[in-house]
Every structure is written in C-alpha cells, then in structure tokens.
Amino acid sequence: MTFKKNILCIGGGYVGGSTMAMIAHKCPHYKVTVVDINPTRIAEWNSNNLPIYEPGLDSIVISTRGKNLFFTTDIERGIKEAEIIFVSVNTPVKTFGAGAGMAADLQYWEKTARQILECSESSKIIVEKSTFPVRTAFAMERILSLNENNIHFDVLSNPEFLAEGTAIKDLEYPDRVLIGSRETPSGVKARNELIEIYANWVPKDRIITSNIWSSELSKLVANAFLAQRISSINSFTAFCEKSEADINEVARAIGMDSRLGDKFLNPSIGWGGSCFKKDIFNLVYLCRHYGLDEVANYWEAVVNINEYQKERFVRTMLSAMFNTIAGKKICLFGFAFKANTGDTRESPAIFIATKLIDERAELVITDPKALNNARIDLNGINGAVSYSEDPYEAADGCDAIAVVTEWEVYKDLDFKKIFQSMVKPAFIFDGRNILNHKQLFDIGFNVFPIGKPALTHF
Ligand code: UDX
Ligand code: UDX
C-alpha cells in the first residue's frame, strides 16, 4: 500500500508513543513510524504488554500496528523515508555542569538533530514535540542548516499538552493544538502541512498558530500555571488546618467564580509527574539567564510550596502518631504520581516513603499499576518495605494508612474490615481527601484529611 505521507517520531515515550498512535488511528492514509534508541521499549511497543499504561491506548495500538503504525529501532531508515519528523526525546533536568539541577539537558535533543542531518537525503519538516527551552528551534535550525546537500529543513514547534491517565481523550479531543512556525513562505507551507494532519480529526478552530518562540514558551507557561494553581490551593490547606476552615468548601466557593473556574483545585500531598518541576526549573533558569530575578523567584516559589506540602504531610503523620513511628507499620495507598497511570516520576510517594523509612517505619505499598516502578524507585533503600497489589492485605496489621494516590478503587473499600485488621489506635492520613472522613471516624479511625480539622478519638 502507498501512503500519502510518511511520518516519523523519534522517541517512543509517553508523549511520542501515544501521540503517534492517535495520528495512525485517525489517519489510515499516513504511515506512522516510531523509533527509539531503547530496543526494550520498542520490543514492548510491538508486544501485547505496552511499555506504558494509558486507558484506551491498547486498543488503538492493536488496531493500527502493522497496518500504518510501526515501531522500530532503525532510526537511519526512518529518517530517510520520512517527510515529517516529530522529535519527542526526553529533556531531563541537567545533572552536571552549568545549570545543573535547573536547566534542561539538551544532549539527546542535539544528538537527534545531528542524526537527522546525517541521514537525510531530502528536505523535511522537523516538529519539536518535546518541551524545550525557548529558542531551541533556533539552535535546531542552525544545526540542520549545516548540510551541504542543499536539503532544506523547516522547524516547527508543536508542544503536547496531554496529561497522563487521560492521554487518549486529550489527544482525541484537544482543547487546542498549537503550532509555532516562521512566517517565511516555506515556514507557512510547513505549518499548513502539519495543520492538514491534525485537521483529520481536530476542528479547525482548535488548531491555533503563533510564532515559534510563543509556542515554545506557551508550553512552559501552561505547566507553570497548572502547578501554580495546585500550589496555591495547597498553600491554603496549611491555613485551613490552623483556622478550622475546610479547604474543599473553600475550593468549591472560589471554583464557582467563572473567572477562576473549578478545575485543578484538588488539594493534595503535592504535585508530581515528569513535567511540572522540570519545566518550572527550566523557566526559572531562563528567567535568571535574562536577568529577570524577580520573575524567577516568583515561579520558584511554586516549587518551594510543593516541597513544603510534602514535608508537612510527613510531619503531620509523625506528630499525630505520638512523635514516633519507629517500628510502626504504615501502608501507602498508591504510589503513582496520579491516578490511572503506572508512572511514578517525581511522585510525592517517593519523598514520603523515603522520609518514613528515615524515621524507621516499616512500609507496605499498594498500587493497582505502579508497583513495578515503586520497586525500582525504592531499590537499595535501607529499610523494611514490602509490596502488595491487594489493599486489604497491605493494610493488614498496619498502624496507619496514608492515601497518596487518588485511585477510585480506594473510595469503595470495606473500611470496617480494614479497621478490624489494623493495630489500634488506627490512623488514616488522606493525602487526597477522597475518602468519607466522617464514616471512617465512626468506624473508629483517627482521621487526618488535608486542609480540614482532624477527627480523632483522643
Ligand atoms: C518526554 C519529556 O519528559 C517531556 O518533557 C517532553 O515534552 C517529551 O519527552 P515522555 O514521552 O514522557 O516525555 O518521556 P519518556 O517516556 O522518557 O520518552 C522519551 C523516549 O525517547 C524514551 O523512550 C527514550 O528511549 C527515547 N530517546 C531518548 C531516544 O529515542 N533517543 C534519544 O537520543 C534519547
Ligand atoms: C501535566 C499537564 O497537565 C499536561 O498538560 C502536560 O502536557 C504535562 O504535565 P501530567 O503531569 O500528566 O500533565 O498530570 P496532571 O493531571 O497535570 O497532574 C500533575 C500532578 O498534579 C499530579 O501529581 C496530580 O495528582 C496533581 N494534581 C492535579 C493535584 O494535586 N491537584 C489537582 O487539582 C490536579
């Protein structure tokens, strides 16, 4: 079969893999190839056990794989054949040299740009899909212009706004698709080609365009605003606990103001995930680079509040349990950074587990999807940690339960049965405010929600 377009994506992670699966699903007339340097990841994409858990992803991969969706490690061939190349390699925080701990590590990105240059035999459109620092496209253009074969590359920015756990829905019905380009004739032509791909399923008025730098910056700003909103509500959980106000009542009251809206107001133990911290640090680094120290400090405070929130949660546990948890058995309900994913990158659970172990507590961790990653994250930790998929088994014989991830399944557990199996006095620390606190108190638990008065029997 001949295809209308050959699309390549370099980097088969959460972003690259899910986005390409959606393009293949919606555009049977395009050939979509995903390449990755990691052969294990590619083998998993080609198996029945995909490398990531994402509701709805399996079915679209299974229906397109081998037809118009392909996973391979043959990067060279992929580059040669493609007319459009999405770059979706990871851009972690730099761990060495200038900007360590703050700036984005661009080594994978630059290596990818050079590989595109080396293997290309014809002109191509390059699409930045990963989140990059502002003006990365300029560097990409500079590298790609080094070719001596008269090949022309147009670089576009097309940041991905999908959230894990809802990736398929976000890709199928995006709030907007943003495409940044140069306003040159060839830049506009490239932009129109990318618009044509999305127009296969996204309404035209949701596909918006801008200059490249606005597009790159918009992604960082969107993540910074989202994280800021959670840090804001979380900062008031501390206030509520001091003043006997109830954070959920406050969130409902402010969320009904149409100027504020009601989304992203769920109080928590803190936000996690691979993007927020890295992107804010990246933004802070760029601000300092431009001499905008006040702006940098403002956004850095969003991360500081998040660290404070995680520490506060552990402090509450410790003080509630008579200032000692040494030898006590504590069960973590959830380890993923949010529900409906097995991803644990930057999960607050890692911080909480480590701190509890430092206090010599014994941990039992349960999670429907993230136990493999939890084992990797806590590998080598010096303390007693065990794992169980079954929350009842996990809580059995424990002194306390801490709800870390907002999995639906935790709401409907038989807490009477759980209470009976626990050491008394039994504690519940609801780091997501998803449980029925009054009911738990009536069963006999000492209940510590986030941002509301504790319900205790002593
Ligand atoms: C990542 C970043 O976290 C995000 O900020 C960015 O917007 C997109 O890339 P994600 O897809 O979740 O998002 O990352 P990850 O799951 O780590 O996937 C990146 C993939 O790129 C990995 O499978 C890695 O093996 C691959 N890769 C990395 C390459 O194929 N080539 C490289 O040179 C480097
Ligand atoms: C985020 C952005 O939402 C997405 O647009 C971007 O492309 C990548 O980064 P993601 O990290 O997958 O997506 O998940 P998100 O739903 O944003 O949640 C991030 C963290 O915030 C999670 O730990 C979540 O539990 C927490 N959160 C979210 C809250 O604590 N309260 C809320 O109200 C919402």
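## Helix 9

At the start of helix 9, the backbone nitrogen of Trp-213 lies within 3.0 Å of a side-chain oxygen of Asn-211. Helices here are DSSP runs of H or I with at least four residues, numbered from the N terminus. Helix 9 covers residues 212-243, 32 residues in total, and spans 47 Å from first to last C-alpha. That is close to the expected 46 Å, taken as 1.5 Å times one less than the number of residues. Just after helix 9, Glu-244 has a positive phi of about 65°.

## Basis of the values

This is a predicted model, in which local features need pLDDT of at least 70 and side-chain atom pairs count only at pLDDT 80 or more, while totals for chains, interfaces and linings use all residues. Residues are numbered from 1 along each chain as its sequence is written, chains are lettered from A and ligands numbered from 1 in written order, and side-chain values use heavy atoms, without hydrogens and water.

Polar contacts are pairs of N or O atoms within 3.5 Å. An oxygen atom of ligand 1 is 2.5 Å from a side-chain N or O atom of Lys-278. Backbone polar atoms also take part: that of Thr-131 is 2.7 Å from a ligand 1 oxygen, and that of Val-89 is 3.4 Å from one. The protein covers 92% of the 680 Å² of accessible area that ligand 1 has on its own (Shrake-Rupley, 1.4 Å probe).

Definitions and conventions:
A polar contact is a pair of N or O atoms within 3.5 Å; within protein, one must be able to donate a hydrogen and the other to accept it, and residues adjacent in sequence count only if both atoms are side-chain atoms. Helices (H or I, at least four residues) and strands (E, at least two) are DSSP runs, numbered from the N terminus.
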